[in-house]
Amino acid sequence: MHPFNYVAPLTVKEAIDILEKHGDRARPLAGGTDLLVQARGNKWDLDAVVDVKKIPEAMQLDVSNNGLTIGAGVPCYQIYDHEKIKSDYPGIVDGAFIIGGIQIQSRAAIGGNLCNAAPSGDAICPLIVYGATANIAGPSGNRDVSVEDFCVGPGKTVLKNGELLVSISVPDPPSGFGAAYERFIPRNEMDIAVAAVAVSVTLDNSGTNFESVRIALASVGPTPIFATKASNSLQGKPINERSISEAATIAKDESSPISDMRGTIEHRKQLIEVITKRMINKAIKRARG
Amino acid sequence: MANTNIHITTTINEQPYEFLAPSYMSLLDALREIVGLTGTKEGCLDGNCGACTVNVDGRIVDSCLVLAAEIDGCKVETVEGMASSEGLHPLQKAFLEEAALQCGICTPGFLVAAKGLLDNEPNPSEHRIRHWLAGNLCRCTGYDKIVKAVQKVSSEG
């Protein structure tokens, strides 16, 4: 491992200055559960890691009528231990609760999971179906990017030199909204998704029709995938077995998995179909309370 | 600017410590090589096995995935802090009585992790214990004895 310096700035501005100065020889440090493993694996030669955990904006965790704000360094356990988040954002909790074991969840951050940009990142698909936005600060100002556009390849994000993910904004779920996330792994815990699906639904006032739906797929492409065709196929449709099955088939077709040690293309595609159906039904159940 | 030493002030097992550690050194290495507390073990070095579990500010963590620099101002508890002058911690006794270890390399991690659970939840279900300890691997016992040992302490709670 390349020996790196440790810096813990107190402000976003200070962090950006250090990141900009070092370019690709510096990385932000949130929980470190991916970063330190990758630094040891010589993924990068780092001169500096920039700990974001002393920056107030990166550690905020606020729920209000305007929605949920998750600072980029907030660890998973703070998400699933939060009563209001548990009741109002159960789909986000589904992801936070299954990232690593308890030790990892003490450190690993939702924002770090997003910036690590693994196709299997368990926090990412839930954020996509909640319509979350990444709040980015950089040398030339701030910008917001939809989470579905944030990852651009395995381990690659839209972040440019000197830019820092400060927080993630999740809009307040409208009435009739429900969301859920589930992955398939051959173990009970502590594994990486073979395939996974997040679904959010917004039901109309009668509770019998889909007003809008968002479906996102993990571990079946180079990035987490926002399955727009499957999502749109349910817009305005009545809730029934046929509409749900059709959407699941479209989601399967939108996935583009590879075969590797965790699963084959065929297995993963079948999983997407099965889990999509399951998650649509679970999201409906949650929407109906 | 790489490779600077960081000045760290911390509390380990209720004792104050002050030391210098290289900026890139893990908490695990600092505990073992600088502080001299070798009870915490190195296993996989990537957050899978939990052998290096310690408690930082009330949360169990893999000390291989924490930088020593990050614990400045924190309270750290390691396996060395479990036994008191009166004897072994109830979990340590239960591990002995239930034969919840064979080679022992995973044991400090399991003990610190289990203590982290029982400190906050004195009577967890078996399912909860197994879920909580999923981040600790043992390649000898097959887990049942470890879970029984933790249950023994929780029921005696």
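Let me begin with a definition: a residue counts as buried if 20 or more other C-beta atoms lie within 10 Å of its own, as exposed if 12 or fewer do, and as partly exposed in between, with the C-beta atoms placed from the backbone. What we have here is a predicted model, in which local features need pLDDT of at least 70 and side-chain atom pairs count only at pLDDT 80 or more, while totals for chains, interfaces and linings use all residues. Residues are numbered from 1 along each chain as its sequence is written, and chains are lettered from A, with ligands numbered from 1, in the order in which they are written.

Chain B holds 5 helices and 5 strands, where helices are DSSP runs of H or I of at least four residues and strands are runs of E of at least two, numbered from the N terminus. Read from the N terminus, the order in chain B is β-β-α-β-β-β-α-α-α-α. Of the 157 residues of chain B, 48% are buried, and the C-alpha trace spans about 50 × 30 × 25 Å along its principal axes.

Now to the backbone. Most residues other than glycine have a negative phi. In chain B, however, A99(B) has a positive phi near 55°; A99(B) sits in the loop between α2 (90-97) and α3 (107-120), and it is exposed because 12 other C-beta atoms lie within 10 Å.
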